[in-house]
Amino acid sequence: MSADPWTWIAAILTLAIFSFLYKENPFYRFAEHLFVGVANGYAITFYWHRVLVPSLINPVSHGQKLWLIAIAIIGALYFTRFIPKVSWLVRIPIAVVLGYFSGAYIPRAIDAQILQQLRATIVTRSMFANWQSGLWAVIIALGVIATITYFFFSAKRKGILKPVSRIGIIFIMVGFGASFGYTVMARISLLIGRLQFLLGDWLGLIH
Amino acid sequence: MGFWNKLLKIDRRWIYTIIWLVVMIPLLFPFKIKPMAMPPVTRLFNYIDTMPEDKALVISVDYTPDIQPELHPMCIALLHHAFATKRKVGLLTLQVMGLGLGEAAIRQVTEEFNAHATTHEDSIINGEDYVYWGWTTPIITILLGMGERITNVYPVDYYGHRTESLPIMKHLKNYDDIGIVVSIAGSSIPISWVNFANTQFGVPIGCGATAVSAADYYPYLNSGQFTGMMAGMKGAAEYEQLVADKFDELGIKWELRRKGTEAMSSQTAAHIAIMIFIIIGNIAYFVTRRRKK
Amino acid sequence: MIVLVLGIFGAVAFVIPHPIVKSIDETMRNDVLRIITAFSLVLGVGSIIQHHLIKIRRKAEHWPFSYIALISLAVSAAIGLFGGIDPASPGILPTHIGGFSFHMQALYDNIMIPLASTMFALLAFFMASAAYRAFRARNLEATLLLIAAFILMLGAVPLGRMLIRPLPDFAEWILTVPNTAAKRGIMFGIGLGSIATSLKIILGIERGWLGGGG
Amino acid sequence: MTLSLSLIFLLSSLSPPTDVIARDKPNDSGGAILLTWTRSSDTTVVSYRVLRQTEGKATWDTVGLAGRLANRFTDDEVQDGIRYRYQILTVSETETAESAPSEYTVCSPQWFNFDRMPAVIGTIIFTCLIVFFIGRAKRNIKLFIRRIAGLDAVEEALGRATEMGRGILYVPGLSSIDDVATIASMNILGEVAKKTAKFGTPLIVPLRDPIVYTVAREVVKESYTAAGRADAFNQDMVFYVTDQQFAFAAAVDGIMVREKPATNFFIGMFWAESLILAETGATTGAIQIAGTDAVSQLPFFITACDYTLIGEELYAASAYLSREPLLLGAIKGQDYSKLLILVLIVVSTILALTANLPVQNIF
């Protein structure tokens, strides 16, 4: 069993959260509120020490890049969110960040998520170096076409579209089945992780 | 009320108890099984293992405490691999809540290596063999800025040292000096790495994903935008196995704690329990439905 | 307007490598965006403080717990701001009493990690209960889904390999072939959707971000 | 120089690399020269050394090393506007052999990155499509969107609830109002509320976000007024529960167990709580209709609910019902982009397979 007081604190907090499984109770609520507080305190620490100090305070206090003060004023407009009369000013900093990000995102996403994916779907002769990889490439291409057809809303599902979107939903369901199976795995892993801590680090039963 | 109907109506706390036991017992009495690495993991391992010696491995600790049991073992395994093969490592995180995990991982692994080191050469030294850049904001500053000059993106590292003063940074200018960035994340951050870093600068991206999102990332593996991928605790266990084999090959004797591998017995038992639950539930569902008709 | 100009600039920097554009772009990211987003933390922390103050003032249900959130926030922020980050180079506030150290990383390791990961570990139980009582092969689609899920669940663990040798490879095949096809098809949709949203923001026709249901 | 060069050439058994070409690195911001060469035919080569000479100077500086298998090198330590030439040295264990020097080269920055051309064209096409269709939708030009099958299930479910004389539960997700899924959900809620007003079915709408709460209340009130049943609208139909994720789920669970609604709608953005909600709903025997764009929650909804609107189907259903120009235009614009993608895949595959053209390299 661990002799470290911190390990005991961690173990007690772990059990407080697990107590929710029995029913909602004050221990769970305490732990939940504690988390909200500490997580935000942690964030404040790093925003200050690792962003504002090196990028703003240090250069400005050495008299370099004085124009950063103007930028800091724009940033400070985030505070107006909590002053009802001028709260619309908060839109300015949001607009700067959102505008740049949206613009930077569009051409890169078109390249990475549309064109590169499109390119990978095209079946080429070199994929038939062995029959398996060729066959799988064909199946992938057909599956992609069928799935896109399923999500095509501008035409009634008649004629050829009907069987194709039917194939589409089969692919979609197999895909979701894969996600389902893997999600079960993920959730179980998280529980195992906590038990490794309780049984191993705290009680010392796993070696 | 028939037997099946009654079975369906049992209190959910009974189910909770069963899961609790099914996970706990195999942890205490594990059966030994050797994980077999699947192609996405092998590809990642081989790429890192064979990339040119002067190229650094960058691990982006993009996960947060809530999902760390799945992903933390991946980070540890990558660090084991890198330090055992004397590769330079850069660590960073795109999430402020991931900072402490990066620190915990690097502290654990350097302590392990340094405990077995006899010479200065063998030791793993901060600022020479690895650097922990820590965190800054926003994401786009990091993803694009690292293609130009890393020291501009991170004026100071996690510990507050000026990055320009660190010896390792002399050979780590930008993505050109980085062999691969492995983004370990529970969110869609690896896709951001692809969108910005891979698309614009061509730096290879590897991925460590929670099993929840792993299936959604296969199109990126297929297109080569991800060099390789570890999926969940299972992926971590597979990488741990490859690293253990590498240790044997290099003649490193000391034992590693392998949290991913250790979990596999419980994982097996729990999967079977869940499948039995679904089967019982479905039998009951069809029996009761037929009776109603 | 700001959105439009910056949006176009952000896009243009992708295709124009000339140093003039490049250096403006670099300053934009390394200084302007960084400092502005650093202030955005105000929104998150501010609304949490506001939320709990209102709860306390109105004596809403479970209001005493709001004190826990506020006090723990203040204490941990003080430790971080004045106690420093790296215990090797401490700040002005001492972060240990005798052998008991309470620097930032200790709070992180022993409060944040257990709390956050245990909250998510609860999901394993919810999942098990739902598996028993809700996941039904109620139609052809759901049946297909469950079959694929079973193959994955068995293929993912070593036991699957012991029972049926090629099972892990088959599970991997499902992931690399049909799953890839379906997810890529869906991804085109999602990708276009998010690009369309960014586009609408830049063009000023999507104003949801202005807040308040606008 | 020439003499010594040929002497070395004659004496050494090692052959130097040939065809050394230096040129400005394309599509960059300047300050880089790209070198290519044909590798030496000898098997004893260990590496290649790259030498650079600035015009007007006599010295050759080593600027880099390349591996045995390399045939290219980027020198990024040069200045724009200065003329340089290069030599590649073959290095083996015992000797070296130098190539003929390359032509003089100057590097410069470019104004346009031609590698990015496909992305630029893609962006322009997509922007035009979206703007065009939103414009049309705003001018009320009829745009066709097919009816989503799931909407028929909505009618059926409402009918059943009326028959049984029980209520309807509508959960519009847990996200905020700026989430597309929430907006889509509000449109569908409007339609559902019109029907419940018509049949006099009780409606229950619990909420997690205070702003969504005010919006939802207005939507339901409007629907009741539009159906001519303003008198049947009750303030308590739409209510705020709590902002805590799991506490919210527990509260909605309680409602399902107590009120036993005949139909549950889960439409909007959901996270891990989707499991808890759908599970309790399934055990109370209600018909369940779900719709979300949260990909990781969809598998659970599909297995635990009777009908599920998958991802974009949710937006399409909402656009179909509301005819809202922004939603409708976006759906149409995306639809035609998808059609374009589909055509490109098919045409390129045919070209690649029949004519063996490397079409994939265009993208």
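How many residues does the contact take from chain A and from chain C? It takes 109 residues from chain A and 106 residues from chain C, where contact means heavy atoms within 4.5 Å. This is a predicted model, in which local features need pLDDT of at least 70 and side-chain atom pairs count only at pLDDT 80 or more, while totals for chains, interfaces and linings use all residues. Side-chain values use heavy atoms, leaving out hydrogens and water, residues are numbered from 1 along each chain as its sequence is written, and chains are lettered from A and ligands numbered from 1 in the order in which they are written.

Back to that interface. Chain A and chain C bury about 10,000 Å² between them, with 82% of it on carbon and sulfur atoms; buried area here is the accessible area (1.4 Å probe) that two parts lose on being put together, summed over both. The rule finds two salt bridges across the interface, a salt bridge being a side-chain nitrogen of Lys or Arg within 4 Å of a carboxyl oxygen of Asp or Glu. One joins the side chains of D31(C) and K65(A), at 3.3 Å from N to O. On the side of chain A that touches chain C, the elements giving two or more residues include α1 (5–18), α2 (26–61) and α6 (161–202) of chain A. The largest share of that side, 28 residues, comes from α2(A). Helices (H or I, at least four residues) and strands (E, at least two) are DSSP runs, numbered from the N terminus.

Next comes a helix of chain C. The buried residues of α1(C) are V3(C), L6(C), G7(C), G10(C), A13(C), F14(C) and V15(C); buried means under 20% relative accessible area, exposed over 50%, and partly exposed in between (1.4 Å probe, protein chains only). These residues pack against helices of several chains, among them α4 (91–121) of chain A and α2 (117–138) of chain D.

Chain C also has a loop between α3 (41–58) and α4 (64–83), and K59(C) is found there. Phi of K59(C) is near 50°, a positive value in a residue other than glycine, and K59(C) is exposed, at 52% relative accessible area. H62(C) is found in the loop between α3 and α4 of chain C too, with phi near 60°, but H62(C) counts as partly exposed at 30% relative accessibility.

In chain B, S183(B) lies in strand β4 (residues 178–185) and is buried, with a relative accessible area of 0%. Leaving aside residues up to four places away in sequence, S183(B) touches residues including S60(B), D62(B) and W193(B).
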